[in-house]
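Colleague: Could you walk me through this one as if I were new to structures? I'd like to know what the words actually stand for.

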Amino acid sequence: MSIDGEPGDADDTAAPLDAVALALAGHPIPVATFGDFRTAARDLIVRRVPPESVQWSGSEAPHGDLLSAATSGLVPPLPADLLAQPPAPPPRIPRSLMEMLQSAACYRAPDRWAFLYKIVWRWQQGQQEILSMADEDGARLQHMVKAVRHEEHDMHAYLRFRERPPEAGDPRFVAWFEPAHDVLPQVAQHFARRMGKTSWMIGTPEATVLWDGHTLHSTGPLMRSAADVEDSGEALWLTYYRSIFNPARLNADIMHGHIRTRFWKNLPEAAVVPHMVSQAAAGARRVGQLDTVGKRGGTTIPIAAEKAAPERQQPSSLDDCRRCDLWQNATQAVAGQGARHAKIMLVGEQPGDQEDLAGKPFVGPAGALLDKAMEEAGMDRRKVYVTNAVKHFKWEPRGKRRLHKTPAQKEVMACHYWLETELETIAPDIVVALGSTALKSILQSGSVTMKDYMGQPFQHDGRWVVVTYHPSYALRVPSAEARHEAVAAIVAALKLAQRLADGEQP
C-alpha cells in the first residue's frame, strides 16, 4: 500500500502475508501490528476481496474480532475464479488518510481491523465522503483518531517516573501507566527523545518498553501495578508538593476537572491530596492569608515573611485522616496487616474495642474465631492480608463499656479511600468480604445484600470476591446450632478463597 501513490516504505518490504489464501479458506487473518494490517489489506484490495468476506484476528480478540465472531460460519464464500480475475490497481491512499488509519489502529476495539479495512475498501471504491464527519464511518474514524491522540497527550502529562537506587543498576527510572489504547510505542519514542541516554522502563498491563540509552526494547508485561516500584525520592517530592499548597486558593472542582479520575491512583501526589482538601474544607483556608491582608487591599503591609506564610500540613497518613468524624472518639486508626503482596485479602467491618486499643485488626474475640476458622480451612494468616472497611472504632457507651455501633454508609464511603489504597498496594487476587459492611465498601453501594452473593464467588475489578459472615456474627447468634452453621459458612468461604488462590476454578 503506497502513500500518496508512491511505493515503498519499510512496511512495503516486509515478509508478505498470504491474506487472500486465508480469506479463501475461511480463516481469520492474524494481525498484530499496523504493518501486518497494511500488508494484508493491500493484497486483499488488489484481489478485490470485499470487507464482508474477510475475518480478522488480533491480540485483543484471541478468537477473532467482533465481525468474525458474529459471522463465524456465515461468511459468504469467495468466487472460485477470484484469483483468475485481473488484479485491481494497488490502493493509493493520501498521506493524511494513512496517518489517520495508523492512529486509529491503536484504538482498542474488537473490530478495529475489520473497520479499518472497510475504510480502505470504501476509499478504493471512490467514496471520499469517508473523510467527512457527516459519514457514519468517517465520524467513527475521526473519533478513534481523536481518542488515541488524547491518550498520547495524557500519557505524556500524567506518567510519573520513579528513581531506583544507583546500586540497583539499569533501568535508572521506572514508570507505570494504564493506557486506554495501544499508544505505548509512540509514547516511548517521545520519552526516548526527551531523556537522552538515561535508561528507563515503562510498564503497562499489556506490555513493557525499555530504553537502554540507545535502543528501545519491547516485551510483555513485567509489572502488576505502581506498587511494584519503590522510590526513596518520592518523599522529597511529596514534601515539596505539600509546601507549595495554599488552601486559600484551592478549587477542588477545577483540580479534579483537569485530571480525570483514572489517573489519580498512579500519581504520587494522590496520596496527600485528599487530606489537604479535607483540611482546607475544615478551616485551613483561614491560615492561607492573614486577616489584615483582606482588610487593607491595595497597600503594602510591613510584616515578616515567616508570619505571612501559611501553616504547613503534617505528612498525610491514616492517623491524620479526618474524612469523617469517627476519629474524634477512637483511640487510633487501625490499618490492615499482613503479607505485602498477599494473594488473599480479608476485609472486615471496623475495629472493635480491643483492636482500637491495640492498633491491630482482628485481635479480639472475633479475631480468635477467625484464626480458628482459618486454621480449619488450611489458610496461613501470615500469608494473607487482614483489614477493615472502616479504620476507626465506632461505639456508644453502656456503663463502663464501649459497645460496637454499625458504621453509617457515609462513613463507609468516606473510608473507602483507604481500602482502595490497600487494594492497589497489595493487589490481591481474591478478596473475602466478612459481613455486609465490607461487601458494601468493596462494591461502593449501600443497597447490596449478602444473601445475593453468599456461596458464589464473583469477579469485581479484575479479582474474585467471596462473601461470608463476619466472625462477630457467629459470636452473637443465640443458639449453638446457628453458631455452628455460621462458623461452617466462614470456613467454607475461606476454603473456597484458598482454592481460587491456588488457581482452581469455582
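Modeller: Helices (H or I, at least four residues) and strands (E, at least two) are DSSP runs numbered from the N terminus. This is a predicted model, with pLDDT of at least 70 needed for local features and 80 or more for side-chain atom pairs, while totals for chains, interfaces and linings use all residues. Residues count from 1 along each chain as its sequence is written, and side-chain values use heavy atoms, leaving out hydrogens and water.

Colleague: Okay, which way do the residues of strand 7 point, and are they buried or exposed?

Modeller: Strand 7 covers residues 200-203; Trp200 and Ile202 point one way, Met201 and Gly203 point the other way, and all of them are buried.

Colleague: What makes strand 6 and strand 7 a pair?

Modeller: Two strands pair if DSSP finds at least two bridges between them. Strand 6 (residues 173-176) and strand 7 are joined by four bridges and run parallel, so they pass that test.

Colleague: Now the helices: why are helix 2 and helix 5 called oblique to each other?

Modeller: Under 35 degrees counts as roughly parallel, over 145 as roughly antiparallel, 65 to 115 as roughly perpendicular, and the rest as oblique. Angles run from 0 to 180 degrees between N-to-C directions, with axes being lines fitted to C-alpha atoms, for helices over the stretch in contact. Helix 2 (residues 34-46) and helix 5 (residues 112-124) pack at about 40°, their axes 11 Å apart. That angle falls in "the rest", so the two helices are oblique.

Colleague: Which residues make that contact?

Modeller: Contact means heavy atoms within 4.5 Å. Helix 2 brings Phe34, Phe37, Ala41, Leu44 and Ile45, and helix 5 brings Trp113, Leu116, Tyr117, Val120, Trp121 and Gln124. Ten of these are nonpolar, one is polar and none is charged. The sorting goes like this: Ala, Val, Leu, Ile, Met, Phe, Trp, Tyr, Cys and Pro count as nonpolar, Asp, Glu, Lys and Arg as charged, and the others, Gly among them, as polar.

Colleague: Why does Leu475 get the label "partly exposed"?

Modeller: Leu475 has a relative accessible area of 41%, which falls between the two cut-offs, so the in-between label applies. Leu475 is in helix 18 (residues 471-476) and touches Pro365, Ala366 and Leu369, leaving out residues up to four places away in sequence. Leu369 is 106 residues away in sequence but 8.4 Å away in space, C-alpha to C-alpha.

Colleague: And what makes His392 buried?

Modeller: Its relative accessible area is 8%, so His392 is on the buried side of the cut-off. His392 is in the loop between strand 12 (385-388) and strand 13 (395-398). Beyond four places in sequence, its contacts include Leu318, Trp327 and Pro351.

Colleague: How do you know whether Ala427 and Asp461 are buried or exposed?

Modeller: Ala427 has 16%, so it is buried, whereas Asp461 has 61%, so it is exposed. Asp461 lies in the loop between strand 16 and strand 17. Phi is near 55° for Ala427 and near 55° for Asp461, each a positive value in a residue other than glycine.

Conventions. Buried means under 20% relative accessible area, exposed over 50%, partly exposed in between (1.4 Å probe, protein chains only).
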